[in-house]
Amino acid sequence: MAIPPLPQTPAAGSSREPAPAAARSAVRLEGVRKHYGDVEAVAGIDLDIRDGEFFSMLGPSGSGKTTTLRMIAGFELPSAGRILLLGEDVSNKAPFERDVNTVFQDYALFPHMNVAENVAYGLVIRKVPAEERRQRVAAALLMVRLDGFDKRRPSQLSGGQRQRVALARALVNRPRVLLLDEPLGALDLKLREEMQIELKAIQHAVGITFIYVTHDQEEALTMSDRIAVFNHGRIEQVGSPAEVYERPTTAFVAGFVGTSNLLRGDVAERVFGSPGTFTVRPEKIRLAEPGAAIATDEIGVDGRIREVVYLGSETRYHVALDAGSELVVTQQNLSTSSMQALAAEGRPARLIWKRLHSLSINA
Ligand code: ADP
Ligand code: MG
C-alpha cells in the first residue's frame, strides 16, 4: 500500500527546530503519579518515549493507562512528577499549549458537519488560510483512504470510516505526538485487524510519535516498536514486542502477554533441578510419546493430557505434569485432524522443549 506523505510545511503558530533524532525523547515522564482521593491511579512512572516511535501502553482495565495518557495530553495534572514534551517541561501547561492531539475510542465527530469540515476544524480554529486548509484536508483524507468522502456526514459512515475521520482530524494538525486511547475498541475483530496494519503504515509514513493505549496484547504486539506493560498504576516492563513476549521479566508480564506457563517452587526444582520461577511459551513445547528420547540441550517432562481444545489452525493441550502443576502446549495442525487431536485427551505424554526456551523470571 502506497501512502502519500503529508506536505511538510510547518504548522501555524509553532516553530519547529529539528532536533537530532536520538538527542531527546518525544515524551519523558519523571516520577509521575496521580491519585484521586484514596485511589492511586498512577503510582509512579518513569518513561522515555523516542521521537518517531510507535509506543504502546498495554495493561488490564484499571491499570492507569488512560490516566497516564490524559496527563500527557494535559487533561489531567499529575499529583507528582514532571512531564516533558521534546525536552520542554509541560507539566503545568494547558492541553492547547502542548503539541499533541488525541484520538479517542468514541470518535467525537461533529454530527452536523461533513467529513471535510470535521477534518478542517482544527485548522479553522488556528486560522490557517483557506487554500492551505483545503490542501491539508485533502492530503489527510487521502492518507486515511477517505478521498471522495468529503461531503458525507458522520451518520453516513461506518464505524471504521468514522474512526478514520477522527484520525485524519488529528493528523491534519501535524502534532509531534499523537495519543490514541483504544481507538479500535468499538470495531469488530476483522476490521480491527485491518486497521492495525493500516495505522502502523500511516504512522510510518507520517513519522509522528504515536502513543497507543490498548488492553489487547495481540494489538500491541502487531503494531508497536516498543510496549510498556502496565499493572496497578506501574510499569512492569518496557521492551520491543519480541523482548516482552520472549523475555518477560515478571510473572505478570508472562501471563498478560501470552499464556504464562509458570513453574514454581518444588515443581521447578523437580523439572529444572533448581528452585525459582520459570516460564516456557506453549508453542516452544513439543508433544511426544511417553518415554521419547531427549537431546542434551532439551528438557523432557512427563504428564497426562487433561484437556484438548481444537482451534482450527492449531490445537491447545492442557497437560497435568507428574511433577505437579500444569503446562499449556500449542501445536500447529500440520497434518493432525480434529479427530486425532481430540483423541489425545486422557493420554500420557512427554513434553519436550529446548533448555534455552525456559526462562527464569521474577515471581
Ligand atoms: P485504564 O485506562 O488502564 O483502564 P484508568 O487510568 O482509566 O485505567 O484508571 C486507573 C484507576 O484510576 C482505576 O482504578 C480508575 O477507577 C481510577 N480513576 C480513573 N479516573 C478517575 C477519576 N476521575 N476519579 C476517580 N478515580 C479514577
Ligand atoms: Mg482506559
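A quick note on conventions: residues are numbered from 1 along each chain as its sequence is written, while chains are lettered from A and ligands numbered from 1 in the order in which they are written. Because the model is predicted, local features need pLDDT of at least 70 and side-chain atom pairs count only at pLDDT 80 or more, whereas totals for chains, interfaces and linings use all residues, and side-chain values use heavy atoms, with hydrogens and water left out.

Let's start with the ligand. Which residues surround ligand 1? They are Tyr36, Val39, Ala41, Pro60, Ser61, Gly62, Ser63, Gly64, Lys65, Thr66 and Thr67, where near means a heavy atom within 4 Å. By type, this shell divides into 4 nonpolar, 6 polar and 1 charged; here Ala, Val, Leu, Ile, Met, Phe, Trp, Tyr, Cys and Pro count as nonpolar, Asp, Glu, Lys and Arg as charged, and the others, Gly among them, as polar.

Now the polar contacts, meaning pairs of N or O atoms within 3.5 Å. A polar side-chain atom of Lys65 is 2.8 Å from an oxygen atom of ligand 1. For Thr66, a side-chain N or O atom also lies 2.8 Å from a ligand 1 oxygen, and Ser63 brings a backbone N or O atom to 3.1 Å from an oxygen of ligand 1. On its own, ligand 1 exposes 560 Å², and the protein buries 58% of that (Shrake-Rupley areas, 1.4 Å probe). Strand E2 (39-50) and helix H1 (65-73) are the elements giving two or more residues to the shell, and H1 gives the most, with 3 residues. These are DSSP runs, at least four residues for helices and at least two for strands.

On to the rings. The whole structure holds 7 aromatic pairs, with ring centres within 6.5 Å. One of them, Phe272 with Phe278, is stacked, at 4.2 Å centre to centre and 25° between the planes; stacked means planes under 30 degrees apart. Both Phe272 and Phe278 are buried, that is, under 20% relative accessible area. Elsewhere, Phe54, Phe210 and Tyr212 form one aromatic cluster.

Finally, Leu327, in strand E16 (residues 326-332). Is Leu327 buried or exposed? Leu327 is buried, with a relative accessible area of 0%. Its C-alpha atom is 9.3 Å from that of Gly303, 24 residues apart along the chain.

Conventions
Polar contact = N/O pair within 3.5 Å; in protein donor to acceptor, adjacent residues only side chain to side chain. Phe/Tyr/Trp six-rings, centres within 6.5 Å; stacked < 30°, edge-to-face > 60°. Buried < 20%, exposed > 50% of the residue type's maximum accessible area, 1.4 Å probe, protein only.
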